[in-house]
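Visitor: I've just opened this model and would like a tour. Please walk me through it.

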Amino acid sequence: MATADGERFAVEVRPVEGATVLALAGELDHGTAEPLRVAIEAARAGGGQRLLLDFSGLDFCDSTGLNVLLHGRLAVRESGGSLELVGLHQPIERMLHITGVVGLFPLHPDVDAALARHRRA
């Protein structure tokens, strides 16, 4: 599936209260993973301590995408932050369960729920 502008993958970065949202759209795979790597690093380097990766627009994620998530998680944790997953679709959530990494990431149904949970904490 293509994104609105015809690309196979896009990442939109936007600050929200106390976090940075990286909204993913399209297909995250070997050929499209670099923009996510760059966006995670830029958000982290820019002081983003809490990164919310919004998967609600993502149609597909392969092992390369999973690898980007794992490396991004480590980099963000090294600087005292968190990388949290939002809006997972069933096939992607299933991949995380099958690979045994689902417990490594805080999961939220949507961005609003993630922000509300942080406000309560």
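**A chat about the fold**

Guide: Let's start with β2 and β3, which run parallel and are joined by 8 bridges. Strands here are DSSP runs of E with at least two residues, helices are H or I runs of at least four, and both are numbered from the N terminus; two strands pair if DSSP finds at least two bridges between them. This is a predicted model, where local features need pLDDT of at least 70 and side-chain atom pairs count only at pLDDT 80 or more, while totals for chains, interfaces and linings use all residues. Residues are numbered from 1 along each chain as its sequence is written, and side-chain values use heavy atoms, without hydrogens and water.

Visitor: Thanks! Which residue of β3 is opposite V21?

Guide: L52 of β3 is the residue that V21 faces.

Visitor: And what order do the strands take in the sheet?

Guide: The sheet is open, has 5 strands in the order β1-β2-β3-β4-β5, and its pairing is mixed.

Visitor: How do β1 and β2 run, parallel or antiparallel?

Guide: Antiparallel, with 8 bridges between them. In that pairing V13 sits opposite L22 of β2. Further along, β3 and β4 are parallel with 5 bridges, and L51 has L83 of β4 as its bridge partner.

Visitor: What handedness does the crossover from β3 to β4 have?

Guide: The path from β3 through α2 to β4 is a right-handed β-α-β crossover. In other words, with the strands pointing away from the viewer, the path from the first strand over the helix to the second runs clockwise. β2, α1 and β3 also form a right-handed β-α-β unit.

Visitor: Switching to the inside: which residues touch the most other members of the largest nonpolar core?

Guide: That core has 27 residues, and the ones touching the most other members are L36, I40, L53, F55, L58, L85 and L96. By nonpolar core I mean buried Ala, Val, Leu, Ile, Met, Phe, Trp, Tyr and Cys residues joined through side-chain atoms within 4.5 Å, and buried is under 20% relative accessible area, exposed over 50%, partly exposed in between (1.4 Å probe, protein chains only). Two or more residues come from each of β2 (19-28), α1, β3 (50-61), α2 (63-78), β4 (82-86) and α3 (90-98). The most come from β3, which gives 5.

Visitor: What does L36 touch?

Guide: Beyond its neighbours within four places in sequence, L36 has contacts with F9, V11, L22, L24, L28, L53, V68 and L69. A contact is heavy atoms within 4.5 Å.

Visitor: How about A39, buried or exposed?

Guide: A39 counts as buried because its relative accessibility is 9%. A39 belongs to helix α1 (residues 34-45) and touches V11, V13 and L22, leaving out residues up to four places away in sequence.

Visitor: Now α3. Which of its residues are buried?

Guide: I92, M95 and L96 are buried in α3. Viewed down the helix axis, the buried residues of α3 fall within an arc of 100 degrees, so they line one face; the arc is taken from the directions from the axis to the C-beta atoms. Their cover includes β3, α2 and β4. Exposed on the other side of α3 are Q90, P91 and I98.

Visitor: What follows α3?

Guide: G100 follows, with a positive phi near 80 degrees.

Visitor: Last topic: how many salt bridges does the structure hold?

Guide: There are 5, counting a side-chain nitrogen of Lys or Arg within 4 Å of a carboxyl oxygen of Asp or Glu. R50 and E84 form one, at 2.8 Å from N to O. R50 is in strand β3 and E84 in strand β4, so this pair ties together parts 34 residues apart in sequence. Both R50 and E84 are buried.
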